[in-house]
Amino acid sequence: MESPHPLDAFTYCPRCGSRKGSSPTVKLFACPDCGFRYFQNAAAAVMAILRRPGGEILLVRRGREPARGLLDLPGGFVDPLETLEAALVREVREEVGIAIARHAYLASFPNRYHYAGVLYYTIDSVFLCDVADPSAAVDRDEVAGCAWLRPEAIDHDEVGFESVRAALRAYAGSARA
């Protein structure tokens with residue numbers, strides 16, 4: 001069952017209290033009484049394809065919902081007024097304790113993120129990252145485990161999100177180019 005859309009929480013107009021507001025599109029809440037308009041845009045998120053010499057990349061096993069117990073790439077949501085690059089560095093350090101030596105943008109992928117009964121739309125920006133010390137990878141609060149794997153050894157049925165599967169396919173394609 002699909003989670004409720006975030007705009008479904010608008011029972012009343014937040015400006016005038018009218019019950020006549022509606023969501024004519026997937027991203028807009030509009031009130032005909034006072035003219036209030038609220039746009040629900042996709043949340044920005046980052047993912048890191050952390051590489052070490054030998055061709056292995058770091059995958060984590062999610063320690064929390066959604067997709068608890070499934071494979072993921074280190075990353076997370078971009079905070080307000082934070083750049084993608086700053087969020088990438090922060091999230092990787094928070095999740096696996098690794099410092100990124102270099103990073104380069106790979107691609108972005110839309111995603112549906114179901115959390116606490118609500119559906120959020122995200123846009124996940126993927127970066128290729130070289131790490132200063134691959135041995136520094138440790139499990140943190142949000143991560144149940146982490147492992148360096150060769151891309152061809154990853155079971156995509158064990159990956160928790162379609163955007164991560166798409167990122168791994170894009171990486172495999174870029175590695176062959």
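**Aromatic pairs in a predicted model**

Visitor: What makes tyrosine 113 buried?

Guide: Its relative accessible area is 15%, and buried means under 20%, exposed over 50% and partly exposed in between, with a 1.4 Å probe and protein chains only; therefore tyrosine 113 counts as buried. This is a predicted model, in which local features need pLDDT of at least 70 and side-chain atom pairs count only at pLDDT 80 or more, while totals for chains, interfaces and linings use all residues. Residues are numbered from 1 along each chain as its sequence is written, and side-chain values use heavy atoms, with hydrogens and water left out.

Visitor: Why does phenylalanine 161 count as buried?

Guide: Phenylalanine 161 has 8% relative accessibility, so it falls under the 20% limit.

Visitor: How many aromatic pairs does the structure hold?

Guide: It holds seven. Rings of Phe, Tyr and Trp (its six-membered ring) pair if their centres lie within 6.5 Å; planes under 30 degrees apart count as stacked, over 60 as edge-to-face and the rest as tilted.

Visitor: Why is phenylalanine 10 called partly exposed?

Guide: Phenylalanine 10 is at 23% relative accessibility, so it lies between the 20% and 50% limits. Tyrosine 38, at 31%, is partly exposed because that value lies in between too.

Visitor: Why is the pair of tyrosine 113 and phenylalanine 161 stacked?

Guide: Their centres are 5.7 Å apart and their planes at 20°, so the pair meets the stacked criterion.
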